[in-house]
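Reader: I would like to learn how to read the helices in a model of this kind. Please take me through the features one at a time.

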Amino acid sequence: MGELNRGERLQLMLTREEVTALDDWRFKKRMPSRASAIRELLKRGLAAEGFELAEAGGKSKDYGVVGDSPSEADGSD
């Protein structure tokens, strides 16, 4: 298999609960690494139907892995 060149590095801060949720999903799906699990979840999320644009003025802290996102919290999903 050819070598894949990934030129961008992203830093992501997660709560302990978010890391636990990620690791639980990763192990259940037998993903080889956290990075591969995150890439797979991003791919699935971007392909999901019903994706809505974020509202203007939103803050990073408003978007968690576990719990409600802004559209779910106000019942507008």
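Reader: What covers the buried residues of α2?

Author: This is a predicted model. The cover over the buried residues of α2 includes α1. The buried residues in question are Ser36, Ala37 and Glu40. Around the axis they take up an arc of only 100 degrees, which puts them on the same side of α2.

Reader: Which residues of α1 are buried?

Author: Buried here means under 20% relative accessible area. In α1, Glu18, Val19, Leu22, Asp23, Trp25 and Arg26 are buried. Seen down the axis of α1, these fall within an arc of 165 degrees, so they line one face of the helix. Arg16, Glu17, Phe27 and Lys28 lie on the other side of α1 and are exposed. The cover over the buried residues of α1 includes α2.

Reader: At what angle do α1 and α2 pack?

Author: An angle from 65 to 115 degrees counts as roughly perpendicular. Helix α1, residues 16–28, packs against helix α2, residues 34–47, at about 90 degrees, and their axes are 10 Å apart. The two helices are therefore roughly perpendicular to each other.

Reader: Which residues of α1 and α2 meet?

Author: From α1 come Val19, Leu22, Asp23, Trp25 and Arg26; from α2 come Arg34, Ala37, Ile38, Glu40, Leu41 and Arg44. By class, this contact of α1 with α2 has six nonpolar residues, five charged ones and no polar ones. Ala37 and Glu40, which take part in the contact, are also among the buried residues of α2.

Reader: How far apart are the end C-alpha atoms of α2, and what span should its residues give?

Author: The check uses 1.5 Å a residue: the 14 residues of α2 should span 20 Å, and its end C-alpha atoms are 20 Å apart, which agrees. For α1, with 13 residues, the reach from first C-alpha to last is 18 Å, close to the expected 18 Å.

Reader: Where is Arg30 placed, and what is its phi?

Author: Arg30 is in the loop between α1 and α2. Just after α1, Arg30 has a positive phi of about 60 degrees. That is a positive value in a residue other than glycine.

Reader: Is Arg30 buried or exposed?

Author: The cut-off for exposed is over 50% relative accessible area. Arg30 has 74% relative accessibility and therefore counts as exposed.

Technical notes: Residues are numbered from 1 along each chain as its sequence is written. This is a predicted model: local features need pLDDT of at least 70, side-chain atom pairs count only at pLDDT 80 or more; totals for chains, interfaces and linings use all residues. Side-chain values use heavy atoms; hydrogens and water are left out. Axes are lines fitted to C-alpha atoms, for helices over the stretch in contact, and angles run from 0 to 180 degrees between N-to-C directions. Helices (H or I, at least four residues) and strands (E, at least two) are DSSP runs, numbered from the N terminus. Angles under 35 degrees count as roughly parallel, over 145 as roughly antiparallel, 65 to 115 as roughly perpendicular and the rest as oblique. Contact means heavy atoms within 4.5 Å. Ala, Val, Leu, Ile, Met, Phe, Trp, Tyr, Cys and Pro count as nonpolar, Asp, Glu, Lys and Arg as charged, and the others, Gly among them, as polar. The expected span of a helix is 1.5 Å times one less than its number of residues. Buried means under 20% relative accessible area, exposed over 50%, partly exposed in between (1.4 Å probe, protein chains only). The arc is that of the directions from the helix axis to the C-beta atoms.
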